[in-house]
Number of protein chains: 2
Amino acid sequence: MNRNLAEYIRRYIEIDDDELAIFNSFLKERDVDKKQYLFRSASVCKSKYFILEGCFRLFYVDKKGNEQIMHFGIENWWITDYDSLLNKTPSELNLQAIEGSKVLELNGIDLEDLYDQLPKAERLFRIIAQKTYIASQRRLQFMFSLSGEEMYEKFRDFNPAFTQRVPQYMLASYLGFTPEFLSKIRGKKS
Amino acid sequence: MNRNLAEYIRRYIEIDDDELAIFNSFLKERDVDKKQYLFRSASVCKSKYFILEGCFRLFYVDKKGNEQIMHFGIENWWITDYDSLLNKTPSELNLQAIEGSKVLELNGIDLEDLYDQLPKAERLFRIIAQKTYIASQRRLQFMFSLSGEEMYEKFRDFNPAFTQRVPQYMLASYLGFTPEFLSKIRGKKS
């Protein structure tokens with residue numbers, strides 16, 4: 001099994017090498033070109049992806065045609081549209097590589113087999129889902145309580161390398177700013 | 001076991017009566033007075049609660065002293081501060097009954113025992129965490145894409161009975177409005 005994923009899993013659950021081998025047998029490594037989509041809106045999202053290398057954005061296009069980024073994903077993160085994957089409904093989101101990337105794909109149908117063969121995968125994904133939810137609540141809390149400038153500072157402090165890595169207009173979209181507003185804040189800070 | 005909870009659990013996982021009895025042995029029924037707190041900020045949240053009757057709000061107090069509601073909870077919902085419960089850190093949130101209520105309490109320490117004795121509880125709470133996360137992402141998406149008026153309409157359409165049940169100033173807080181703004185929108189609609 002990929003060493004990064006093995007380490008990642010062992011941060012959350014106790015698992016031996018044989019069990020890791022079972023987990024591994026459900027994964028498929030895929031190279032993803034820069035700008036390539038793993039799924040697009042209107043299709044049902046069929047997999048979750050563990051990012052080995054690279055960077056992704058999960059976004060939708062609003063009524064006015066603007067791209068709104070819901071999430072970024074980098075190395076050692078799982079990324080998917082949980083709504084579409086769990087409820088088997090067409091996604092409103094698009095998952096696109098920002099850089100040339102490499103992922104491990106876990107198909108949603110296989111996922112049920114994985115849970116059968118390795119029940120502690122339920123524990124792993126229970127903990128990950130709870131942590132993902134916690135992060136989402138923190139983001140909501142920031143949106144309620146912080147000024148734009150404070151939100152940008154929080155983001156930069158939590159993700160210093162990442163802030164340099166994604167184009168400024170994407171960061172602005174994630175934070176709910178115009179690119180001009182972000183540029184103004186960044187100008188003040190430098 | 002309480003019939004509502006049994007029905008609720010069976011919506012998500014297959015579970016027989018003996019297993020339900022194990023689950024039940026970890027729960028403690030509690031009556032909660034109107035305005036009573038189940039936990040307050042600065043303390044570590046130690047339990048998750050299944051609401052049998054009544055209505056709760058989960059809120060924090062911001063730097064300016066304003067109460068910001070993160071969540072409501074009504075019958076057949078689990079409510080807790082996942083961050084504090086999972087990471088054993090002091091909560092920033094307060095969980096208060098809006099009405100006289102009745103809950104089933106599942107203590108965080110017992111929860112680990114429950115997972116040991118009944119591994120499929122991992123599956124239940126994995127699915128619930130994913131669904132809770134999906135709801136939270138939808139709310140974020142509404143905040144990005146909808147006007148105040150559209151957000152209120154969505155909320156009312158998804159929760160018609162509930163919109164009548166909570167005080168207007170709490171609904172305004174949840175939606176991120178001033179009470180005056182909500183009152184103006186409601187006035188237009190009636």
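Predicted model: local features only at pLDDT ≥ 70, side-chain atom pairs only at ≥ 80, totals over all residues.
Residues are numbered from 1 along each chain as its sequence is written, chains are lettered from A and ligands numbered from 1 in the order in which they are written, and side-chain values use heavy atoms, with hydrogens and water left out.

**View 1. Strand β7 of chain B and its side chains.** Strand β7(B) covers residues 94-97; strands (E, at least two residues) and helices (H or I, at least four residues) are DSSP runs numbered from the N terminus. In a regular strand the side chains alternate between the two faces of the sheet. Asn94(B) and Gln96(B) point one way, and Leu95(B) and Ala97(B) point the other way. All of these residues are buried, that is, under 20% relative accessible area, with exposed being over 50% and partly exposed in between (1.4 Å probe, protein chains only).

**View 2. Strands paired with β7 of chain B.** Pairing requires that DSSP find at least two bridges between two strands. Strand β2(B), residues 37-39, pairs with β7(B) in the antiparallel sense over 2 bridges, and Phe39(B) stands opposite Leu95(B). Strand β4(B), residues 55-61, also runs antiparallel to β7(B) and is joined to it by 4 bridges; here Arg57(B) stands opposite Gln96(B).

**View 3. The rotation axis relating chains A and B.** Chain A is superposed on chain B by a rotation of 180° with 0.0 Å of shift along the axis (RMSD 0.0 Å), using least squares on the C-alpha atoms of residues with pLDDT of at least 70 in both copies. The two copies are thus related as by a two-fold rotation axis. Among the residues of chain A, Arg126(A) comes closest to this axis, at 1.9 Å (C-alpha).

**View 4. The interface between chains A and B.** In chain A, 37 residues are in contact (heavy atoms within 4.5 Å) with 37 residues of chain B. The buried area is about 3700 Å², of which carbon and sulfur atoms give 57%; this is the accessible area (1.4 Å probe) lost on putting the two parts together, summed over both. Arg126(A), Tyr133(A) and Phe144(A) supply 19% of the area that chain A buries against chain B, more than any other three residues.

**View 5. A salt bridge across the interface.** Arg126(B) forms a salt bridge with Glu122(A), the closest N and O atoms being 2.9 Å apart; the rule requires a side-chain nitrogen of Lys or Arg within 4 Å of a carboxyl oxygen of Asp or Glu. The count between the two chains is 10 salt bridges.
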